[in-house]
Amino acid sequence: MGKPNDLVQGTLDLLILKTLSLEPKHGWAIAKRIEQTSNEVLQVQQGSLYPALHRLEQQGWIRGKWSESETGRQVKFYSLTSAGRARLEKEMESWKRLSAAIDLVVDAL
Amino acid sequence: MRWLHRIRVLMLMLFNRGTEKSRLNQEFEFHLEQQIAENVSHGMDPGAARAAAMRVFGNTGLLEEQTHSEWSWNWLEGIWRDLRYGTRTLLRTPGFSVTAIVVMALGIGATTSLFTIVLSVLLRPLPFRDPGKLVMLYEHFRAFKEPYNVVAPGDFRDWRAQTHGFEDMAAWRNWGGNLSGERGEQPETALAAAGSWNLFTLLGVQPALGRTFTPDEDRIGAENVVMLTWTLFQSRYGGDTNIVGKQIRIDSKPYTVIGVLPRWFSYPDPTIKFWVPYTPAFMPEQALMHDMHQSLVVARLKSLESRTAAVKEVSALQYRIHLQNKGKPVAEDVVSRPMIEDVVNDAKTPLIVLMAAVGCMLLIACLNVSNLLVARGAARKKEVAIRQALGGSRWKLIQEQVTESVLISIAGGTLGILLSFSATDWVVRRWRDLPRADTIHSDGTVLAFAIAIVFACALLAGLIPAISSTSKGLLSSLQDSSRSVQGSASRATLRKLLLTGEIGLTVILLISAGLLFRSFLNLKTSDLGCVTENVLTMKYGLPDKQYDKPEKVLAFHEGLLERVWALPGVRAAGLVSTPPGGGYEGDNVFTIPEHPAQGPSVELDAVTRKADPGYFSALQIPLLNGRFFSNQDRLEHTHTVIISKKFATQFFPGENPIGKHVRMAFKDKLEDLEIIGVVGDTLHDLGQPIKATIYRPIFNGDPMIDSMATVVVRTAGDPLAMALPVQKQVSALDPELPVYDVLTMQQIIGKATASQSFSASLVLAFAVLSLMLAAVGLYGVLSFLVTQRSSEIGIRMALGAQRGEVLRLVLVDGMRPVFLGLIFGLSGGAVAGMLIKSVLYGTRPLDPGVFVAMAVSLLLTALIASVVPALRACRIQPIQALRME
């Protein structure tokens with residue numbers, strides 16, 4: 001179902017930030033994690049993660065670091081910066097407000 | 001911390017862009033491998049696993065681009081790419097590129113040079129404290145045309161004491177003296193100035209060494225003190241700081257050196273070598289006179305708004321002084337002008353003219369490069385159309401083309417700026433009498449101006465062709481390219497339009513240059529009123545310490561003349577205070593006792609000269625009436641004068657002036673002087689109108705007024721060869737006495753016309769350069785048209801057109817923009833002529849000779865430029881032309 005373009009604008013950013021809030025991950029792990037936690041409802045087109053990741057990195061919300069993976073390969077791990085953590089809080093808040101508002105409208109009818 | 005992180009990413013993106021790109025691919029690869037591994041672990045075979053992973057991942061190429069577009073510095077990357085393309089296209093056509101770059105370099109270089117000079121001379125404030133508040137005050141005689149007249153010492157004293165509108169006022173006058181050799185130096189005649197004690201304080205000038213004058217030193221009878229300029233301090237005293245406090249001898253009198261002026265101080269001009277106090281530079285009875293004018297007055301305004309009121313107050317005072325001195329030449333009013341205008345006065349118009357000429361040339365250069373680019377645009381028409389068809393945005397294409405002209409301008413500009421350094425230097429060295437020449441230098445402002453010009457040129461030259469070459473309908477371009485019989489008519493129109501502009505500007509330049517050159521020739525050949533071939537002039541001034549009696553002065557003058565006459569090769573010799581063309585010297589007012597008193601405001605005024613009996617015949621100035629001075633007109637028997645023709649016609653119309661008198665004060669008291677002769681007119685300065693002139697016998701010998709003399713020698717051969725023998729006669733009489741201004745009459749004329757000759761030659765050079773550019777442009781357009789129309793011409797010929805008709809066809813096509821440009825240029829030239837009217841001499845702004853000559857030279861050049869392509873057109877073989885299709 002869900003292609004990223006179908007997601008509400010900016011939601012992918014929120015998902016990435018949230019996913020990274022626990023621990024640093026590489027791109028593939030982020031995609032997997034989003035799929036798993038959403039019970040496979042949100043199927044991100046995996047490649048489109050990367051433009052988003054790079055945008056977030058350019059803006060300073062997350063930081064990319066090249067280090068060795070479990071298999072001994074050079075992999076780019078993304079982690080949340082402190083600014084990114086604050087950003088996540090804000091995004092979450094506005095998401096909650098938005099979804100609550102949508103709930104209200106949907107329930108009222 | 002976020003910004004720190006961002007800066008790190010920015011730097012990474014800027015400097016490690018290549019690495020980052022390959023790393024992004026690594027990321028993608030890793031991702032895909034993980035997915036494939038997962039798929040395989042779910043039981044897929046490796047091929048299917050890979051396909052599935054790719055499907056989930058998406059289009060890698062597109063994703064890569066999307067990711068890149070999130071990166072910073074993309075604009076820079078775009079510019080960089082354009083620059084690379086631009087350089088590549090330019091390198092592919094080196095002939096075109098070199099031509100365009102050289103054209104730009106000349107234009108930008110010349111403009112930058114002129115701007116450097118204009119900025120330093122006209123625009124930069126004077127190097128004094130709060131220079132905007134400095135004004136010069138002048139006397140204004142209501143009867144005189146020239147509004148600014150120098151000030152009498154008595155007037156200055158009263159202005160300063162009795163008015164309060166200005167913060168302060170100071171005065172200075174020209175002075176000069178012979179510096180004696182103290183420690184083996186050569187005796188030297190130096191120009192100097194005498195300044196009131198507060199002058200340097202008023203200007204805000206701190207001495208480099210010692211101090212400035214005190215009020216006590218600025219009075220009659222004070223001990224003699226002197227301030228050295230930095231130049232004299234270095235050249236004559238070797239920069240020895242011990243000179244301060246020591247005595248030097250000027251005109252054989254001891255002067256104590258009290259200070260040295262700073263290196264940058266070169267007011268009023270660098271020829272001034274030392275300063276003495278103002279008042280002691282006068283004779284006691286002169287220092288308070290109201291009718292002897294020679295000083296310049298600098299005043300400091302209290303505030304910028306107070307100028308009108310302050311000048312008004314001084315002017316009112318001057319009118320009272322005028323009324324108290326009825327019958328004497330005392331001005332009615334006072335006028336002011338900003339000090340900076342006073343300093344740059346003579347250079348302003350020529351500089352502006354040159355700047356305008358250079359600007360015209362730059363514009364022509366831009367139009368030319370633009371023209372060349374349009375031609376290239378035509379050649380690349382198909383490429384552009386295809387790129388547009390494939391989705392290249394118009395903006396992108398324009399950007400790319402402008403990049404090319406930016407590259408040309410930057411290369412040309414860099415070259416031009418380097419060129420301008422030496423060009424500025426050259427102009428400053430060649431241009432004598434350029435005020436503030438010592439302050440001229442390049443700085444940040446000049447650089448910023450040059451860079452701004454580079455980009456303005458790039459836009460001007462690049463935008464027109466870029467817009468035109470992309471504006472055409474896509475379809476028609478592609479259709480055009482299949483058959484070119486009527487192709488690209490519009491582009492040719494654009495090129496012709498640019499050409500018209502180019503030719504118009506060229507004509508304006510040519511006309512201005514023609515007018516200036518004609519003025520210069522008029523000036524150079526204008527009749528001084530005396531013989532100018534084989535004449536040597538040499539000045540000396542007898543110091544009044546040794547030569548304190550009229551007898552002594554006379555003995556020297558006569559002794560020298562006697563010795564010079566005896567030299568072999570001397571045809572004639574004479575003495576005069578200032579030779580023709582050598583300057584104004586001074587004027588005196590007078591009345592004519594035989595004439596009934598006229599209205600009080602009419603002042604009779606004449607230039608004054610002192611001459612010996614032999615002067616007029618030595619310079620072959622004709623005697624029109626009466627007689628020359630004789631040897632009897634000497635010492636106290638000198639109540640005789642000779643007047644010029646102009647004097648006679650102006651003040652004795654229809655009368656015989658011989659035997660009449662003029663009443664004037666040569667020194668301090670009025671005398672009645674008898675007119676004994678009338679001589680031909682001479683010019684005091686080239687380019688100035690003839691003025692009524694009155695001559696007094698120099699054999700009067702007065703130590704104050706007859707001690708400065710110019711010996712004029714008419715020689716049989718080369719006059720300069722006589723310089724040394726004559727100089728030896730001076731040293732034989734007085735080894736301590738220096739001579740100066742050793743010049744032939746031709747050199748005097750050359751000096752007087754140097755700046756006119758210089759600016760006329762420069763403008764002419766610019767005009768010729770522009771003419772060449774226009775010719776190249778015309779040639780380019782026509783060659784292009786002939787190539788474009790070769791098949792059309794082929795068809796015409798196949799149908800029976802004669803070669804002569806083809807020739808005419810192309811010529812007419814080429815000459816149309818020339819004629820249009822000529823009309824536009826002639827009218828522009830008329831306007832330009834009016835604007836430079838004030839620097840023209842002996843010619844009118846609408847001089848038909850100049851206009852015709854310049855129009856003809858333009859037409860000839862244009863014809864030559866068009867004939868080559870036209871001939872090529874009529875040699876086209878119809879068969880070949882048609883086969884080329």
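How many of the residues of strand E19 (residues 693-697) of chain B are buried?

Modeller: First, the ground rules. This is a predicted model, so local features need pLDDT of at least 70 and side-chain atom pairs count only at pLDDT 80 or more, while totals for chains, interfaces and linings use all residues. Residues are numbered from 1 along each chain as its sequence is written, and chains are lettered from A and ligands numbered from 1 in the order in which they are written.

Now the strand. Five of the five residues of E19(B) are buried, so the strand is largely enclosed by the rest of the structure. Buried means that 20 or more other C-beta atoms, placed from the backbone, lie within 10 Å of the residue's own; 12 or fewer makes a residue exposed, and anything in between is partly exposed. Strands (E, at least two residues) and helices (H or I, at least four) are DSSP runs, numbered from the N terminus.

Thr693(B), Tyr695(B) and Pro697(B) point one way. Ile694(B) and Arg696(B) point the other way. Residues on both faces are buried.

Next, the partners. Two strands pair if DSSP finds at least two bridges between them. Strand E14 (residues 604-611) of chain B runs parallel to E19(B), with five bridges joining them. Here Val607(B) has Thr693(B) as its bridge partner. Strand E16 (residues 640-644) of chain B runs antiparallel to E19(B), and two bridges join this pair. Ile694(B) in E19(B) stands opposite Ile643(B).

Step back to the whole chain. Chain B is divided into domain 1 (2-72), domain 2 (150-330), domain 3 (347-525 + 752-884) and domain 4 (543-736). These bounds come from an automatic or database domain assignment. Taken over C-alpha atoms, the centres of domain 1 and domain 4 of chain B are 100 Å apart.

Chain B also touches chain A. The contact takes 21 residues from each of chain B and chain A. Two residues are in contact if their C-beta atoms, placed from the backbone, lie within 7 Å. On the side of chain B, helices H1 (2-15), H2 (17-41), H3 (46-57) and H4 (60-70) each give two or more residues. The largest share, six residues, comes from H2(B).

Ala873(B) counts as buried because it has 24 C-beta neighbours inside 10 Å. Leaving out residues up to four places away in sequence, Ala873(B) touches Val786(B), Ile793(B), Val806(B) and Val810(B).
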